[in-house]
Amino acid sequence: LFQIVFLTRIEHFNASHKLYNPDWDKEKNEAVCGKCGNVNGHGHNYELHITVKREVTADPGFVVNAKNLSKLINEFVLEELDHKNLNLDVAFLNGKMCSTENLAIAVWQQLFSRLPKGVELHCVKLYETPRIYVAYFGK
């Protein structure tokens, strides 16, 4: 008998961004992005939920070593994002609209292939504010 178990690690980071599409003129950017397109940007205190899953059997008896998962998230996500300007400082967001949706997808791409064998990435949930979040479950 096997059991699929989900484990979620919650992390925090602070970053600034602006929503802006260089292919649009100023008027269209303002109409679509509103205040979030402020030329000087704005910041968020993001809350990141990384959920992984695995079939849990007697060996090893858990989904993933939580400390190792934390190290992966820190190395490939938090060190790249924390206290950064997402539009200017983050290579894996280069050329992308720095929306929370695109950020969640980019975080998925940073972690997906780096998880230990047998551990699957289930969901990246990213809170931009306590009342707005996105959840990405991969393709």
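How many aromatic pairs does the count come to? It comes to four aromatic pairs. Here rings of Phe, Tyr and Trp (its six-membered ring) pair if their centres lie within 6.5 Å; planes under 30 degrees apart are stacked, over 60 edge-to-face, and the rest tilted.

Before moving on, some ground rules. This is a predicted model, where local features need pLDDT of at least 70 and side-chain atom pairs count only at pLDDT 80 or more, while totals for chains, interfaces and linings use all residues. Residues are numbered from 1 along each chain as its sequence is written, and side-chain values use heavy atoms, with hydrogens and water left out.

**Stop one: aromatic rings**

Select F13 and Y46. Their rings form a stacked aromatic pair, 4.8 Å centre to centre with 15 degrees between the planes. This pair links distant parts of the chain: F13 lies in strand β1 (residues 3-17) and Y46 in strand β2 (residues 42-56), 33 residues apart. Helices (H or I, at least four residues) and strands (E, at least two) are DSSP runs, numbered from the N terminus. F13 is buried, at 1% relative accessible area. Y46 is buried too, at 1% relative accessibility. Buried means under 20% relative accessible area, exposed over 50%, and partly exposed in between (1.4 Å probe, protein chains only).

Next, select W108 and F112. They form a stacked aromatic pair, 5.8 Å centre to centre and 15 degrees between the planes. W108 is buried, with a relative accessible area of 9%.

**Stop two: charges over rings**

Select K18 and Y20. The charged end of K18 sits over the Y20 ring, 4.8 Å from its centre. Then select R114 and F76. The charged end of R114 sits over the ring of F76, 3.8 Å from its centre. The rule is that NZ of Lys or CZ of Arg is within 6 Å of the ring centre and within 35 degrees of the ring normal.

**Stop three: the core**

In soluble globular proteins, nonpolar side chains tend to be buried together.

Stay on L81. Beyond its neighbours within four places in sequence, its contacts (heavy atoms within 4.5 Å) include F13, L86, F92 and V107.

**Stop four: paired strands**

Two strands pair if DSSP finds at least two bridges between them. β2 and β4 run antiparallel, joined by seven bridges. I50 stands opposite V124 in β4. β4 and β5 also pair in the antiparallel sense, over five bridges. V124 has Y136 in β5 as its bridge partner, and L126 stands opposite V134 in β5. Two residues lie between β4 and β5 in their hairpin.

**Last stop: a loop residue**

Select N21. Is it buried or exposed? N21 is buried, with a relative accessible area of 17%. Its place is in the loop between β1 and α1 (26-33). Leaving aside neighbours within four places in sequence, N21 is in contact with N29 and M97.
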